[in-house]
Structures are given as structure tokens and as C-alpha cells.
Amino acid sequence: MTERAEIAKARRIVVKAGSSSLTTPRGTIDAARIDALVDVLAARRDAGAEIVFVSSGAIAAGLGPLGLTRRPSDLATQQAAASVGQGALFARYTSSFARYDVTVGQVLLTADDMMRRSHHRNAQRTLAQLLALGVLPIVNENDTVATDEIRFGDNDRLAALVAHLTRADALVLLSDVDALYTGDPRKPGTRRIADVRSPADLDGVELGGSGRVGTGGMVTKVEAARIAGIPVVLTNAASAARAVTGEPVGTLFHPVDDRRRPTRHLWLAHATTGQGRVLLDQGAVDAVVQRGKSLLPAGVTGVDGDFAAGDPVDLCGADGRVVARGLANYDASEIPDLMGRSTRWLSRELGPEYEREIVHRDHLVVLTER
Ligand SMILES: Nc1ncnc2c1ncn2[C@@H]1O[C@H](COP(=O)(O)OP(=O)(O)O)[C@@H](O)[C@H]1O
Ligand SMILES: N[C@@H](CCC(=O)OP(=O)(O)O)C(=O)O
């Protein structure tokens, strides 16, 4: 089955719309375009799919009401605009979906929520429950509390992570451009790319910056497609109806790997950042990367950073390259006394609780295939 057919048959679809598709140049919600998009989502839902909608546009929709003519550069004003705009957007979604008797639920997430395993699980459970209750979840970043350091900024990566959270079958990214082009389509001579089947298909493609009100441009969309691990269609809002029914519009990013990885692995690989580094000798790199083994203290040669047991840490080879990420079983400060020792020695000398691995294989994901 081609991935286009898979989209036509998808039981659960995450659809993400960028700011430019939902707001006017005056910095207000674009009610007509929102209604048109809601028509599409309601129809696809009627045809049997569960839809999770990721909506940007809070900042852009808050500009007009605050008398701002362009996106502010400081975080506090962006957050104020998002607070105003998010309310306006959600009110419109509520009334627009009500035309179809569809109840919507607002889910605001931060990058930090995605990174913390317990928050991630809570978000997963809430989304599952909303879907079970027949509610259509509408997700955005919780801009009012996001800080500059840990912020999605654009919603493309958030949409890919929501696709993981909900185990969606397909992801549709709606932008102000109808496809990925060989270069910024605002320049002459660029060509549409209909399919991206492997990273090699992106060789020589110029991934430019964002349009009028968006953030991230094509770079974040291509990145989102890479991490989603499911078929991803990129097109514009005008082609949304055709995109969600699997017609050959826009650009289809084919998943590189057919295997669906467990949510836990996707979370570790894409939602977390290493809170420190554990250095491995070559034998340990081989054991972890080639043979899917746990990381034992014997193969550790060093540790960097100030992480606590349970934190995600990067596992690095002798050359410093990150080969895997996993949840540490020890605080960083404990590891120097353990490294290079056999588990048997540690258990005999320090007690049976020291028999545990530095990182257990169930909480470890190999990153070298990226
Ligand atoms: N290679 C490319 N192909 C398509 N669009 C591109 C490319 N490089 C840059 N762009 C620009 O990216 C913009 C879309 O990104 P962005 O403004 O962040 O959208 P959104 O608000 O939908 O997330 C388009 O308006 C387009 O001008
Ligand atoms: N969470 C932000 C997203 C900002 C943004 O510009 O995103 P996008 O339009 O998807 O590139 C908002 O709602 O304004």
C-alpha cells in the first residue's frame, strides 16, 4: 500500500495548521478560513477518522487586539499576545465545530511537559480519553509559560510529538505554501518535490526561513517529518480536503523506517535532551548499539554533567559522538566510583543494589542510525 492510500485509510490523523493559515495580516483570527478548515476536519471525521488538531496562531491572532502591527521580538509581549489570541482562536473553534455537533477540548503543552516522563504520560492519557469521549482535541504550545530556552517556538515539532503521543497513522502539516520546493518558492525557478523517500532526496534542497507570521520555515517541517516516523503530507490549507483523503497534493514524506518504534523510544529520542553525558569504551558502544544490551558500569570511562537518577543522559563513544540516549539509574555523582567495575564486584563490595545497570536496555534508544 502506498502511503497516500495509507492516509486515505488512516484511523487517526494529526493535522497541524500554521499561523499564516488561520490569521489575517491585521493580526486577527481569519474566521472564514478557520470555518473552511473546520469543514474539512469535520468531514474527515465523519468519514471515520479520529482527528487531533494542532493549531498555531495564538500570537498572530493576539496582535490586532493589542494594537500591534507586527510580531513582537520580546518574549513577554509574545506571551501576552498568545494569551489574548489563544482565547479568540479557541472560541472560534468551539463555535465553528458546534455547527457539526463536535465538542472540542483545549490541550496546551510545553516542551518541558514533553520531556518529563510523568507529564508526557498524563498528556498521553488525557488525549486518549478525549478521543475515547468523541472530543476533538485542539493542541497548541502553552506559550504563556514557555521560556526562551525550552520552547518549541514553531508547532511543527510539537505536531510530530503529538503524533507519537496519540500513535497517529498520519500527520498533515498545513502551511501557506502548497508543498516543499527545491528552494524558497518566493524565488523564481524552484520546483515542487512530490515525494521525499530518503534524506538523499533533500540533497541540494534549500530549506529557507518562515513566511509572514510563521516560525521555523521549512527546516522545522522537514525535521518534524523526519521524527514523526509515519507518512507526513505538507501542503497548504486550501488543499487540506485533498490532503486528508490521500490525494496526491503537496509533498509526501515517506517514513524511512517501516517499523513503528515504541512510544517510549520515540519520546526518549525526540522529546528529551540529555541532561549530561556518560562516556563509553568501544566494547560498551558495540554492546549497546549493535547488540541492544544494557550499559553496565564496566564499559563506562567518564561522566559529565549533574544529572539525577531517572534523568535522560546521552551515551557517547570515545570520540564524543552521541550513540544513544537513556534514563540513568544513578546520579552523576555516583558514577565515578562505579565505572570500570564489574557488576559482580560492585554487588560484593557495595551491596546488591549496585548490581543494577547504568542504563537499562528498556530505557535506552540508539541514535546513530539518524
Ligand atoms: N524549500 C522551500 N519550500 C517551500 N517553502 C519554503 C522553502 N524554503 C522556505 N520556504 C518558506 O517557508 C514558509 C512556510 O514556513 P512558516 O512561515 O514557518 O509556515 P507556518 O506558519 O505554516 O508554520 C513559506 O511561506 C515559504 O516561503
Ligand atoms: N504557539 C505559537 C506558534 C507560533 C508559530 O508561528 O507557529 P507556526 O505558524 O506553526 O510556524 C502560536 O500559537 O502563536
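Biologist: Is D176 buried, exposed or partly exposed, and why?
Modeller: D176 is partly exposed, because 16 other C-beta atoms lie within 10 Å. The cut-offs: buried takes 20 or more other C-beta atoms within 10 Å of the residue's own, exposed 12 or fewer, and partly exposed is in between, with C-beta atoms placed from the backbone. This is a predicted model, where local features need pLDDT of at least 70, side-chain atom pairs count only at pLDDT 80 or more, and totals for chains, interfaces and linings use all residues. Residues are numbered from 1 along each chain as its sequence is written, and chains are lettered from A and ligands numbered from 1 in the order in which they are written.

Biologist: Where is D176 found?
Modeller: In the loop between β5 (170-175) and β6 (180-181). Helices (H or I, at least four residues) and strands (E, at least two) are DSSP runs, numbered from the N terminus.

Biologist: Which feature does UniProt place there?
Modeller: An unreviewed entry lists D176 under "binding site", along with K16, S175, T215, G216, G217, M218, V219, T220 and K221. UniProt positions follow the numbering used here, feature names are shortened, and annotations may be inferred rather than shown by experiment.

Biologist: And V219, where is its place?
Modeller: V219 sits in helix α8 (residues 217-228). V219 is partly exposed, because it has 14 C-beta neighbours inside 10 Å.

Biologist: S56: buried or exposed?
Modeller: S56 is buried, with 32 C-beta neighbours inside 10 Å. S56 lies in the loop between β2 (50-55) and α3. Not counting residues up to four places away in sequence, S56 touches A17, G18, S19, L22, N140 and N155. Contact means that the C-beta atoms of two residues, placed from the backbone, lie within 7 Å.

Biologist: What about N155, buried or exposed?
Modeller: N155 is buried too, with 27 other C-beta atoms within 10 Å. The loop between β4 and α7 (156-165) holds N155. Beyond four places in sequence, N155 touches K16, V54, S56, N140 and E141.

Biologist: Which residues come nearest to ligand 2?
Modeller: G18, S19, S56, A58 and I59, out of 16 around ligand 2. A residue is near a molecule or strand if its C-beta atom, placed from the backbone, lies within 6 Å of it.

Biologist: Which elements give two or more residues to that shell around ligand 2?
Modeller: α3 (58-63) and β4 (136-141). The largest share, three residues, comes from α3.

Biologist: What about A82, where is its place?
Modeller: A82 is in helix α4 (residues 75-98). A82 is buried, with 24 C-beta neighbours inside 10 Å. Leaving aside neighbours within four places in sequence, A82 contacts A58, I59, G62, D143 and T144.

Biologist: Zooming out. How many helices and strands in the chain?
Modeller: The chain has 13 helices and 15 strands. Of its 370 residues, 44% count as buried.

Biologist: How is the chain divided into domains?
Modeller: Into domain 1 (3-265) and domain 2 (273-366). Those bounds come from an automatic or database domain assignment. The C-alpha centres of domain 1 and domain 2 lie 37 Å apart.
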